[in-house]
Amino acid sequence: MSFKERVFSGVQPTGNLHLGNYLGAIKKFVALQDSYDCIYCVVDLHAITVPASVWGGPQELPRATREVTAAFLAAGIDPRKHIVFNQSQVAEHAELAWVFNCVARIGWLNRMTQFKEKAGKDRENASIGLYAYPTLMAADILAYRATHVPVGEDQKQHLELCRDIAQKFNSDFVDSIRAHGYGESFFPLTEPIIQGPATRVMSLRDGTKKMSKSDASDYSRINLTDDADAIAQKIRKAKTDPEPLPSEEAGLDPRPEADNLVGIYAALTDTSKAQVLAQFGGNQFSTFKAALVDLAVAKLGPIGGEMKRMVQDPVYIDGILGDGAARAQAIAAETMKAVKDILGFVRR
Ligand code: AQP
């Protein structure tokens, strides 16, 4: 069958929303609104896959959920034209994830690098949820039979797994899929959208490490709620090397910190690294950093300010999430009914 073009993506409510989340994901969510039907989700079921001391526990989760929602809205996502909701309000995500746990193979999950990184050496003590994270992510996407998913580079492997699950489901149950009138395949093979100069924003302290919410150093990242002074200080202190900026992109290799700052500038101006270097090649970092401070403050300041204002009004945010959840559930429930018919579950 042909699939309606639809975008789905999610962000975890795990605090410290940063420039990497913005450039790798949220900024792209905004841009895709003109071309697709979009569903954007605060993935709170994913947040609890790590210990409560990491996700913050029941006191912190509502605040973090509303803060991510506020970031979506402040960045420019329109919750009337598109859908914004939090995952736990739509039970079909967990229901479909169970089906996918029975489709995915243990060998596939054993290859997931994010699990290895997040579980670390204490793998025996990691939650089953952390291990099964990619099957829940596949369910998030395929509950809406989404065709496109904008994500950062770190999620590429999980998207490949999502396609493997869709393909295996389609082929294992092809006779039933045909018999129920869905043609040759029920789930689409979803395409990741991982493009542009900032698909993997790196730490400001170490250009070989991803900018991350959980980095102990706040100087490693620019938080979306940082004020102008904090943004300026972090960029001025960002690690660099002693050479001036090169004039061509090839000159950024192997200079990870320079590459990262140039990529951030390019992404914030919707240009390419080559264009940034055409402008700043030959300049010292002090000059380039001053321009980057002005740019980052101009682009991020209004978003952070609007986020801070919106989180003061939880009733408004919860209203958006509730309305979005009802609209999301209407779609996911249809998918789940079809999946039950295809599998042969007797239903009301
Ligand atoms: N550094 C990054 N560069 C580009 N994109 C990034 N994303 C995350 N970090 C970067 C993208 O942001 C979206 C939402 O991410 P998430 O909520 O799933 O959080 P995460 O990937 O767990 O974020 P962190 O900072 O990496 O958290 P920790 O510290 O817990 O590991 C995704 O599309 C992601 O690709």
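How much space lies in the largest cavity? About 30 Å³. The model is predicted: local features need pLDDT of at least 70, side-chain atom pairs count only at pLDDT 80 or more, and totals for chains, interfaces and linings use all residues. Residues are numbered from 1 along each chain as its sequence is written, and side-chain values use heavy atoms, without hydrogens and water.

Rolling a probe the size of a water molecule over the atoms shows where empty space is left. On a 1 Å grid over the protein atoms alone, a cavity is a set of points where a 1.4 Å probe fits but cannot get out. A pocket is an open set with protein on both sides within 12 Å along at least five of seven lines. Lining residues have an atom within 4 Å of a point. A volume is the space filled by probe spheres set on the points, which are joined across faces, edges and corners.

The whole structure holds 1 cavity of 30 Å³ or more. Residues lining the largest cavity include Ser 203, Leu 204, Lys 239, Glu 257 and Leu 261.

Now the second largest pocket. Its space is about 240 Å³. Of its 15 lining residues, Lys 27, Lys 28, Gln 195, Gly 196 and Asp 270 are the closest to its centre. Two or more residues come from each of α1 (19–32) and α13 (256–268), helices being DSSP runs of H or I, at least four residues, numbered from the N terminus. α1 gives the most, 5 residues. Domain 1 (6–199 + 313–343) and domain 2 (218–309) both contribute to the lining, so this pocket lies between them. The domain bounds come from an automatic or database assignment.
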